[in-house]
Amino acid sequence: MKNFLSPRRSRLGRAVLLSLATAASAVMLSAATVSASDRFDPALSAAIERDLGIAPAQAAQYLRTERLAEQNEALARRQLGDDYAGSWIERRDDGRFVFVVAASGLSAAKAALPGEIEVRNVRHSLRELETAKTALDDLVRQSAKGMAPLRGVHAWHVDPQSNSVVVAVAPDSLAKGIDLVARSRADTSAIRFETMVGEPELFATIRGGIEYVINNQYLCSVGFSVTRGSTKGFATAGHCGNAGNSVRVSNQNVGSFAQSNFPGTDRAWVQVGSAHTLQPWVSNWSGGNVVVRGSTEAATGASLCRSGRTTGYRCGTITAKNVTVNYAEGAVFGLTQSNACAGGGDSGGSWITGAGQAQGVTSGGNRASGSNSNCSLPTSQRRTYFDRINPILSQYGLSLVRG
């Protein structure tokens, strides 16, 4: 897999607005509940309708389903116990949305869940699927460079919708995928192979747009404004830079990387000086900003948008969670996968829901042959990955700046 910048680490592009001018102070929070509104943030509405086909008239029903999922996922886990097999938001052919909960064994018939929730019976429990995925992960962790000898085996994740562990391979690498599963001793009845177009790469670039500059050389994207105590900063992708690397925004020296982790995870935060103002905004690339309200994690199947300097403001749905991605630079675990398109220069940028809930920062994805992005690929073939914001906040002791 190709590193587009340096032989050491990739650097990225931009997304959330970090204002360096004087402005009103922002309220800070590490997590928040979803807005009670049945409308998308106006700054997201046009992009969501363009990319997902969710018209304003459908927004209310979708957002009610999204809240139903957020409020009942934990209840479903408790009700079904060891038979719980995952949950997701699903769009019907008539355009309606439904929250689906899967269960193995006999628990599906006994679940006492709200009537709006559809319960489906499946073969494997979530625990069984996660055990199979863990077997693959453990095999990768035995090598400091991940599965470099198995180039062509790109990624794997638990997929509740198909009740399987999906292993994504290059068109000519099915045999390598089968070898990986055999070596891991994972339950083969839980494995499903998919062909993946292009290789997963760290999205990076060295020019264009309003970015921040690392060591006066590489460009990256602001993820979300954060604080740690009285210290100001922002979250971004870990492969953007090492601890101590200097950072410039709008031709001003603003600070340096405080902590960074990559590979394994892909997360970092940059400390900025007290004179700079942090805004709780994500740029929508149409002259406006989306206000960050909190960081409630969205369900599989939920809609969300991402912001970046190369492809602008793009929307999609969450297609998988806890994905292991086999980058050339090393495996990264626990990423979330989406079909929202992105390209070189978008890494480090923000992912946010229609209710203003921060989700994470862009890591990488596959690209179309001869292209700088995966935007020309059919939606079904796009795989774009982000590291979740809540683990970033927790690991570094950060609080999200919200409006």
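Because the model is predicted, local features need pLDDT of at least 70 and side-chain atom pairs count only at pLDDT 80 or more, while totals for chains, interfaces and linings use all residues. Residues are numbered from 1 along each chain as its sequence is written, and side-chain values use heavy atoms, with hydrogens and water left out.

The protein has 403 residues, of which 57% count as buried. Here buried means under 20% relative accessible area, exposed means over 50%, and partly exposed lies in between (1.4 Å probe, protein chains only). Of the contacts between residues at least 6 apart in sequence, 69% join residues at least 24 apart, a contact being heavy atoms within 4.5 Å.

Strand E14 (residues 252-261) pairs with E13 in the antiparallel sense over four bridges; two strands pair if DSSP finds at least two bridges between them. Val249 has Gln252 of E14 as its bridge partner. Two residues sit between the strands of this hairpin, where Ser250 takes a positive phi near 50°.

Helix H4 comes next. Its 16 residues (126-141) reach 22 Å from the first C-alpha to the last, close to the 22 Å expected at 1.5 Å a residue; the expected span is 1.5 Å times one less than the number of residues. Buried residues of H4 include Leu129, Ala132, Leu136 and Val140. An α-helix has 3.6 residues a turn, so residues three or four places apart point the same way.

Thr384 lies in strand E23 (residues 384-388). This threonine counts as buried because its relative accessibility is 0%. Its side chain reaches the backbone oxygen of Ala340 at 2.8 Å.

Finally, a search of the whole structure finds two disulfides, each a pair of cysteine sulfur atoms within 2.5 Å. One joins Cys305 to Cys315, with 2.0 Å from S to S, and this link is right-handed, with 90° about the S-S bond. The pair links distant parts of the chain, Cys305 in strand E18 (residues 303-308) and Cys315 in strand E19 (residues 312-327), ten residues apart. Cys305 is buried, at 0% relative accessibility, and Cys315 is buried with a relative accessible area of 3%.

The other disulfide joins Cys341 to Cys375, with 2.1 Å from S to S. This link is right-handed, with 75° about the S-S bond. Cys341 lies in the loop between strands E20 (330-338) and E21 (350-352), and Cys375 in the loop between strand E22 (358-365) and E23, 34 residues apart. With a relative accessible area of 3%, Cys341 is buried, whereas Cys375 is partly exposed at 22%.

Notes:
A polar contact is a pair of N or O atoms within 3.5 Å; within protein, one must be able to donate a hydrogen and the other to accept it, and residues adjacent in sequence count only if both atoms are side-chain atoms.
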